[in-house]
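The exercises below go through one structure step by step. Try each task before reading its solution.

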Number of protein chains: 2
Amino acid sequence: MTPAHELRGAGLRVTGGRMALLDAITSRPHSDAESLFRALKKALPSLSVQSVHNMLRDLSDAGLLRRIEPAGSAARYERRTGDNHHHLVCISCKSIVDVDCVEGKAPCLTPSDAAGYAVTMAEVTFWGLCASCQDLPSRTDIPQATHN
Amino acid sequence: MTPAHELRGAGLRVTGGRMALLDAITSRPHSDAESLFRALKKALPSLSVQSVHNMLRDLSDAGLLRRIEPAGSAARYERRTGDNHHHLVCISCKSIVDVDCVEGKAPCLTPSDAAGYAVTMAEVTFWGLCASCQDLPSRTDIPQATHN
DNA sequence: TGCGTATTTTGAGGTATTCACGATAAGGGG
DNA sequence: CCCCTTATCGTGAATACCTCAAAATACGCA
């Protein structure tokens, strides 16, 4: 299942921008639109930030990407979809790492009281200080550059 | 522990705006800044949206409010703090209800692999269709007005 | 009551993202 | 292989949500 096949399978056209985007996200998971734009700009000088947002929305809607929005960060994107994994986010620098599902299956948790909601998924976000930020104790209040 | 005492205890001055804000959030939990602004505007005509954001930030920083940011929604605020409860969010209308902690204690979950992060909290968000939106099956793609 | 300072107002600014629409190019049919 | 249809992309404007700076105001201790 190559990226091109995934696109066609979702009824989407195969374009240079989408291929490059999928490739970039694969090598730098949890990137935001801005950093993906910078990464692609070298190979695709005519690319616009809006197009990156467009592509990210289309590919997310098609299920080729998963979009996550940790509090305090711009939306991040990753290629691992449908496996119900979770995330560990640094309180300080907002770096993100994947965490395999605590329970094993999706949805991995069931609310004690669903209040009439038809629950379809459980999203778990762990918050903590990453190793790099623990080494900068005096500056943990100053967000550092993202390093994921 | 009245709201005024809570404010003083946190080293904050007791102002009409803060008292009104705490009262409004108590009666309409999970409100966003905009709807709180509209609710307070009647009693406090000189109030500005920026002041509401200011107050919400100050009170959240002081621990009198908890701020949550579900994907796709503006920040919401609630008075229940420090009890490690979770949330159930409607995919369609974004309404929110509280869900008591699945495990009972904070942090209620531990990531299987902390990857060097010093984990301090686990945030769980359940997603599903609320009862009202289930009754509008043909329009579930059209977000309705929030009703929380 | 008066003063110092926290808070609010006012206005501008910023970031992330979406929308509208003309230009471009993917890819099926001939 | 070329053409045509239409999805996609580029450009520019617009929006939502929120923060920042500085002047005006008001809380609350003396």
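**Exercise 1. The surface near DNA strand D**

Which element gives the most to the surface near DNA strand D, and with how many residues?

Solution. The model is predicted, with local features requiring pLDDT of at least 70 and side-chain atom pairs counting only at pLDDT 80 or more, while totals for chains, interfaces and linings use all residues. Residues are numbered from 1 along each chain as its sequence is written, and chains are lettered from A and ligands numbered from 1 in the order in which they are written.

Step 1. Two or more residues come from each of α2 and α4 of chain A and α3 (33-41) and α4 of chain B.

Step 2. The element that gives the most is α4(A), with four residues.

**Exercise 2. The surface near DNA strand C**

Find which elements each supply at least two residues of the surface near DNA strand C, and sort that surface by class.

Solution. Step 1. DNA strand C is surrounded by 25 residues, the closest being Ala75(A), Gly17(B), Ser48(B), Gln50(B) and Ser51(B).

Step 1. The elements are α3 (33-41) and α4 (49-61) of chain A, with α2 (16-27) and α4 (49-61) of chain B.

Step 2. Count Ala, Val, Leu, Ile, Met, Phe, Trp, Tyr, Cys and Pro as nonpolar, Asp, Glu, Lys and Arg as charged, and the others, Gly among them, as polar. The surface then has eight nonpolar, 11 polar and six charged residues.

**Exercise 3. Helix α4(A)**

Which residues of α4(A) are buried, and what do they pack against?

Solution. Step 1. A residue is buried if 20 or more other C-beta atoms lie within 10 Å of its own, exposed if 12 or fewer, and partly exposed in between, with C-beta atoms placed from the backbone. The buried residues of α4(A) are Val52(A), Met55(A), Leu56(A) and Leu59(A). They are on the same side of α4(A), because they cover an arc of only 100 degrees around the axis (the arc is that of the directions from the helix axis to the C-beta atoms).

Step 1. These residues pack against α2 (16-27), α3 and β3 (76-78) of chain A. The face turned away from the buried side carries the exposed residues Gln50(A) and Asp61(A).

Step 2. After α4(A) comes Gly63(A), with a positive phi near 85 degrees.

**Exercise 4. Core and chain contact**

Which residues have the most contacts inside the largest nonpolar core?

Solution. Step 1. A nonpolar core is a set of buried Ala, Val, Leu, Ile, Met, Phe, Trp, Tyr and Cys residues joined through C-beta atoms within 7 Å. The largest has 28 residues, and Cys90(A) and Cys90(B) have the most contacts inside it.

Step 1. β4 (86-90), β5 (96-99) and β6 (118-129) of chain A and of chain B each supply at least two residues of this core.

Step 2. Two residues are in contact if their C-beta atoms, placed from the backbone, lie within 7 Å. Leaving aside neighbours within four places in sequence, Cys90(A) is in contact with residues including Cys133(A) and Tyr117(B).

Step 3. The contact between the chains takes 31 residues from chain B and 31 residues from chain A. On the side of chain B that touches chain A, β6(B) gives the most, with 12 residues.

Key
Near = placed C-beta within 6 Å.
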